[in-house]
Amino acid sequence: MSTLAPSTEAVNAIVARINAGTTYNLDLKAEARELIIDPTEEVTELRVDVCHESEQQLFETLDAVDNTQHAIRIWVRKKVADITPQELNPLRLLCRQILRQVDQYVTTDWRVRVWQAGFETQEVADKAFLYSQRMFVASISCEVQVKP
């Protein structure tokens with residue numbers, strides 16, 4: 001039995017999975033963030049932040065404690081100098097690579113499982129932020145279950 005809260009365990013597993021990726025390079029390692037991300041926050045380097053948004057106790061069995069389900073969001077943000085395909089396409093590709101890295105991921109002890117991961121909208125990146133603030137902002141939402 002883990003000594004971590006299920007939400008912390010889930011976020012840490014996703015952060016570790018992102019940082020273990022070999023098909024991409026991150027300027028900074030992905031980090032767990034306790035606060036809800038403000039997409040308009042000024043960033044200069046590529047940032048990948050993982051944030052827990054909600055938790056729900058599941059009642060699937062007659063056991064005293066069942067799995068918990070968590071909504072977790074992965075934020076990918078970077079200040080861009082220009083809105084050109086040469087600058088944006090590598091960031092879009094990075095988002096797809098991170099999505100593939102975490103989707104259907106299961107930890108080796110089978111305690112944490114990403115059931116579903118996907119982009120919140122079909123816009124990768126959010127065009128409002130891209131044009132008004134020259135910020136590449138994309139998010140990947142994950143539905144994660146943690147065993148007790």
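A salt bridge here is a side-chain nitrogen of Lys or Arg within 4 Å of a carboxyl oxygen of Asp or Glu. The close-ups below come from a predicted model, in which six salt bridges are counted by this rule.

**View 1. Arginine 111 and glutamate 9 form a salt bridge.** The N to O distance between the two side chains is 2.7 Å. Because arginine 111 sits in the loop between H2 and S4 and glutamate 9 in helix H1, the pair ties together parts 102 residues apart in sequence. Arginine 111 is buried, at a relative accessible area of 15%. Glutamate 9 is also buried, at 11% relative accessibility.

**View 2. Arginine 73 is joined to glutamate 53 by a salt bridge.** Their side chains meet at 2.8 Å, N to O. The residues are 20 apart and link distant parts of the chain, with arginine 73 in strand S3 and glutamate 53 in strand S2. Arginine 73 has a relative accessible area of 11% and is buried, whereas glutamate 53, at 35% relative accessibility, is partly exposed.

**View 3. Aspartate 49 pairs with arginine 33.** The closest N and O atoms of this salt bridge are 3.4 Å apart. Aspartate 49 belongs to strand S2 and arginine 33 to strand S1 (residues 31–33), so the bridge ties together parts that are 16 residues apart in sequence. Aspartate 49 is buried, with 1% relative accessibility. Both residues belong to a salt-bridge network that links Glu31, Arg33, Arg47, Asp49 and Arg77.

**View 4. The largest nonpolar core contains 34 residues.** Ile14, Ile18, Ile74, Ile98, Cys142 and Val144 have the most contacts inside this core. Two or more core residues are given by each of helix H1 (6–19), strand S2 (47–57), strand S3 (68–79), helix H2 (85–102), strand S4 (112–119) and strand S5 (135–146). H2 supplies the largest share, seven residues.

**View 5. Isoleucine 14 and the residues it touches.** Leaving aside residues up to four places away in sequence, isoleucine 14 is in contact with Val50, Ile72, Ile74, Val102, Val114, Cys142 and Val144.

Terms used: Residues numbered from 1 in each chain as written. Predicted model: local features only at pLDDT ≥ 70, side-chain atom pairs only at ≥ 80, totals over all residues. Heavy atoms only, no water. Core = buried A, V, L, I, M, F, W, Y, C linked by side-chain atoms within 4.5 Å. Buried < 20%, exposed > 50% of the residue type's maximum accessible area, 1.4 Å probe, protein only. Helix = DSSP H or I, 4+ residues; strand = E, 2+ residues; numbered from the N terminus. Contact = heavy atoms within 4.5 Å.
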